[in-house]
Amino acid sequence: MSKFISKLTFTLLILCTICTTLVAGAYNLTKDTIAARAAADVKESYKQVFPQLGDLTQEKIPGGIIQDIKCSKEGGKVNGYIYTVTPSGYGGELTVMVGISSPDAKLTGIKVLKQNETPGLGAKSTEPQFSGQFAGKNLKDPLKVSKQAKGEEIQAITAATITSRAVVKGVNAARDHYMKTYSQGKG
Amino acid sequence: MLKELTKGIIKENPLFVQLLGVCPSLATTGSLTNALGMGAAFTMVLIGSNLIISAIKSFIPEQVRIPSYIVVIASLVTVIEMLMEAFVPDIYAALGIFIPLIVVNCIILGRAEAFASKHGLWSSLQDAVGMGIGFTLALAIIATFRELLGTGKLFGIPVFGSGYQPILILILPAGAFITMGFVFAAVNYLRQRNEVRHG
């Protein structure tokens with residue numbers, strides 16, 4: 001009986017050792033490539049929300065829904081900030097990247113990185129028809145969402161007002177922090 | 001010669017006849033692109049797992065076969081996921097989210113237990129390819145209805161004119177159950193009619 005049990009144990013032990021070795025080997029083989037690719041993806045996202053991207057430095061993170069702030073410098077002069085914010089939408093948190101140019105306080109673009117909104121409704125927040133309208137908006141006043149947008153207002157997605165408001169709330173959180181911290185009261 | 005290949009497509013279709021793999025089918029049939037992606041990733045993993053299990057079947061004592069299969073399948077899926085992410089990033093970007101779902105796909109374990117552990121390499125390969133095609137086909141049928149009626153598009157390209165009002169519920173989770181129910185009913189009706197006719 002005990003011989004039988006040790007045979008079972010031994011077989012499983014060998015099998016698990018082989019499998020673990022293979023998984024560990026594959027991990028070591030691929031981890032550098034995967035890390036490099038992830039870094040390139042983030043850089044690409046930065047470029048999309050902030051086309052005049054210079055050298056990036058980390059800024060102090062105030063907390064709240066602001067997850068990350070990067071400062072972009074071109075030739076030693078600050079030309080903008082990139083915020084990552086996580087406002088709450090209809091299906092949980094959205095992760096939104098917001099680019100703000102400095103010192104003229106204009107939105108250079110936004111990108112919804114992660115969302116879990118309703119397909120066909122809130123999920124449209126990732127489409128250029130919605131997210132494209134943010135670029136070039138003046139941030140002197142907080143942005144407003146409207147069902148019939150005019151001027152500096154943001155046109156809400158039909159039947160997804162909660163999502164539209166959430167994205168704008170995230171952008172406004174970045175705007176408020178920018179105005180308070182980086183624009184030296186000029187706003 | 002190829003009877004192990006063809007049985008998985010209609011006669012023993014994993015989704016329609018064996019009713020295995022319902023959970024990932026609900027999740028990935030919202031669009032035809034996703035369904036085909038899931039089908040492709042699934043077929044790849046099934047071929048790998050059937051071959052490995054068929055090759056090592058004589059070393060595995062019967063009493064510990066299920067844990068052994070699970071270790072093999074989980075390791076295989078993890079390795080494939082990492083290799084794809086590193087070396088074929090475009091395919092990974094399209095299929096990546098389905099790969100973790102494959103670990104919990106009971107068709108893989110089902111084929112290991114019911115087929116690969118009792119048959120040789122060549123038969124197991126045929127079985128995997130056939131079941132893969134059958135599952136992909138089943139997903140594609142459900143996804144076609146859901147995407148076409150739920151969004152008015154196929155592969156993301158509008159099919160109906162702009163006057164079409166999409167039946168939104170079909171691409172929501174509830175719509176997955178509704179569509180699957182209708183498709184299963186239709187498949188059962190056709191199969192039963194066929195059986196009556198052929199005695």
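Biologist: Which residue stands opposite A:V85 in β4(A)?

Modeller: Two strands are said to pair if DSSP finds at least two bridges between them. Strands here are DSSP runs of E with at least two residues, helices are runs of H or I with at least four residues, and both are numbered from the N terminus. In this structure A:V85 faces A:V96 of β4(A). The two strands involved, β3(A) and β4 (residues 95-101) of chain A, are antiparallel and are joined by six bridges. Please note that the model is predicted: local features require a pLDDT of at least 70, side-chain atom pairs count only at pLDDT 80 or more, and totals for chains, interfaces and linings use all residues. Residues are numbered from 1 along each chain as its sequence is written, while chains are lettered from A and ligands numbered from 1 in the order in which they are written.

Biologist: How many bridges join β2 to β3 of chain A, and how do these strands run?

Modeller: Strands β2 (residues 66-74) and β3 (residues 77-85) of chain A run antiparallel and share eight bridges. Within this pairing A:K73 lies opposite A:V78 of β3(A). The hairpin that these strands form has two residues between them, and A:G75 adopts a positive phi near 55° there.

Biologist: In which order do the elements of chain A run?

Modeller: The chain has three helices and seven strands, and from the N terminus on the order is α-β-β-β-β-β-α-β-β-α.

Biologist: Which residues of α3(A) are buried?

Modeller: A residue is buried if 20 or more other C-beta atoms lie within 10 Å of its own, exposed if 12 or fewer do, and partly exposed in between, with C-beta atoms placed from the backbone. Among the buried residues of α3(A) are A:A166, A:V167, A:G170, A:V171, A:A174 and A:Y178. The buried residues of this helix pack against β2, β3, β4, β5 (106-114), β6 and β7 of chain A. Helix α3 (residues 161-181) of chain A has 21 residues and reaches 30 Å from its first C-alpha to its last, close to the 30 Å expected; the expected span is 1.5 Å times one less than the number of residues.

Biologist: What radius of gyration does chain A have, and what would a compact globule of 187 residues have?

Modeller: The radius is taken over C-alpha atoms, and the globule rule is 2.2 Å times the number of residues to the power 0.38. A compact globule of 187 residues would have a value near 16 Å, whereas chain A has 23 Å. The C-alpha trace of chain A spans about 80 × 45 × 25 Å along its principal axes. Buried residues account for 27% of the 187 residues in the chain.

Biologist: Which elements of chain B have the lowest and the highest mean pLDDT?

Modeller: The pLDDT is the predictor's confidence in each residue, from 0 to 100. The lowest mean among the elements of chain B belongs to α5(B), at 77, and the highest to α8(B), at 93. For chain B the mean is 88, with 98% of its residues at 70 or more. For the complex the predictor gives an ipTM of 0.73 and a pTM of 0.76.

Biologist: Which peptide bond is cis, and what is its omega?

Modeller: Most peptide bonds are trans, and most residues other than glycine have a negative phi. Here the bond from A:S102 to A:P103 is cis, with omega near 5°. A:P103 sits in the loop between β4 and β5 of chain A. A:A105 is also placed in the loop between β4 and β5 of chain A, and its phi is positive, near 55°.

Biologist: Is A:A105 buried, exposed or partly exposed, and why?

Modeller: A:A105 is partly exposed because 19 other C-beta atoms lie within 10 Å. In chain B, B:L19 also has a positive phi, about 50°, although it is not a glycine. B:L19 lies in the loop between α1 (3-6) and α2 (22-28) of chain B, and B:L19 is exposed because it has 11 other C-beta atoms within 10 Å.

How values were computed:
Contact = placed C-beta atoms within 7 Å.
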